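Thanks for coming. Please have a look at it first.

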Amino acid sequence: MGSKCKSIKHLRERCLDHCSDKQSLQWRSYYSWLPQRLRKMGYVKVYPSSKIPSHSLLFSTLQKQSTESKIGFLRWYLGKLESHPLMTKSITASLIFAAADLTCQRISLPSSSSFDSIRTLRMASYGMLILGPSQHFWFNYMSKVFPKRDIVSTLKKLSLGQGVFGPSITAVFFSYNASLQGESGGEIIARLKRDLLPTLATGLLYWPICDFITYRFVPVHLQVLREVSN
């Protein structure tokens with residue numbers, strides 16, 4: 001390997017020795033013209049020596065731009081919650097329900113099965129038409145009846161949520177979903193008798209904790225979003 005490198009180097013030196021001064025000038029002129037041409041064509045971007053971006057500076061710039069875009073979106077979204085609270089919460093609930101259903105299908109369905117887009121549309125419409133608006137009015141009503149956030153007021157809100165709103169909205173969910181699937185009134189009642197109580201019993205292991213945190217710490221205009229995302 002060493003002998004080959006030496007022979008190549010020796011051959012290059014011999015070629016250079018045989019080149020005339022005129023040829024050398026021609027090559028120098030060509031190589032001085034080529035970078036300029038490439039820069040004009042846009043293939044090469046040349047920075048001044050004082051403005052060459054380092055890796056850390058480039059990373060910090062990209063990170064700053066990403067943070068600014070996130071803050072800008074959050075500011076826009078909070079503005080929509082102030083100007084159009086009902087519509088914003090309904091659309092958000094619809095998107096979250098659609099994403100949750102797609103995730104559920106992705107996990108539970110076999111790899112060979114296709115997604116049930118009609119089912120996803122049912123879930124999205126439920127979030128848009130029923131859950132988003134109903135929770136918007138429910139949480140606003142609770143904040144007016146119990147405006148404080150102390151422990152006693154929080155427990156009252158939690159009890160009403162688990163005893164009144166929770167069973168009602170769950171029954172509406174089963175009935176709405178079943179009716180869109182073409183089930184009759186008798187079939188819907190049978191479904192409620194079979195599934196409602198077990199669903200509520202399972203929810204007692206989870207929802208009281210979520211409700212307590214929501215009523216105690218989350219501002220009213222954001223409570224619907226937390227409950228839907230949970």
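This is a predicted model: local features need pLDDT of at least 70, side-chain atom pairs count only at pLDDT 80 or more; totals for chains, interfaces and linings use all residues.

Methionine 87 lies in helix H4, which covers residues 85-108. Leucine 95 is found in helix H4 as well. Are they buried or exposed? Leucine 95 has a relative accessible area of 58%, and exposed means over 50%, so leucine 95 is exposed. Methionine 87 comes to 48%, which lies between the 20% and 50% cut-offs, so methionine 87 counts as partly exposed.

Now the largest pocket. How much space lies in it? The figure is about 940 Å³. Its lining consists of 35 residues, and those nearest the centre are Phe97, Tyr126, Ile169, Thr170 and Trp207. Elements that give two or more residues to this lining are H4, helix H5 (117-145), helix H6 (151-180), helix H7 (185-203), helix H8 (207-217) and helix H9 (220-229). H6 gives the most, with 10 residues. Sorted by class, the lining has 19 nonpolar, 10 polar and six charged residues.

Last, the charged pairs. How many salt bridges are there? The count is three.

One joins the side chains of aspartate 101 and arginine 119, at 2.5 Å from N to O. This pair links distant parts of the chain, with aspartate 101 in helix H4 and arginine 119 in helix H5, 18 residues apart. Aspartate 101 has 5% relative accessibility, and buried means under 20%, so aspartate 101 is buried. Arginine 119, at 25%, is partly exposed.

Another salt bridge is between glutamate 183 and arginine 191, at 2.4 Å from N to O. Here arginine 191 is buried, with 19% relative accessibility.

There is also one between aspartate 195 and arginine 194, at 3.2 Å from N to O. Aspartate 195 has 19% relative accessibility, so aspartate 195 falls under the 20% cut-off and counts as buried.

I can take questions now.

Note on methods. Residues are numbered from 1 along each chain as its sequence is written. Side-chain values use heavy atoms; hydrogens and water are left out. Helices (H or I, at least four residues) and strands (E, at least two) are DSSP runs, numbered from the N terminus. Buried means under 20% relative accessible area, exposed over 50%, partly exposed in between (1.4 Å probe, protein chains only). On a 1 Å grid over the protein atoms alone, a cavity is a set of points where a 1.4 Å probe fits but cannot get out, and a pocket is an open set with protein on both sides within 12 Å along at least five of seven lines; lining residues have an atom within 4 Å of a point. Grid points are joined across faces, edges and corners, and a volume is the space filled by probe spheres set on the points. Ala, Val, Leu, Ile, Met, Phe, Trp, Tyr, Cys and Pro count as nonpolar, Asp, Glu, Lys and Arg as charged, and the others, Gly among them, as polar. A salt bridge is a side-chain nitrogen of Lys or Arg within 4 Å of a carboxyl oxygen of Asp or Glu.
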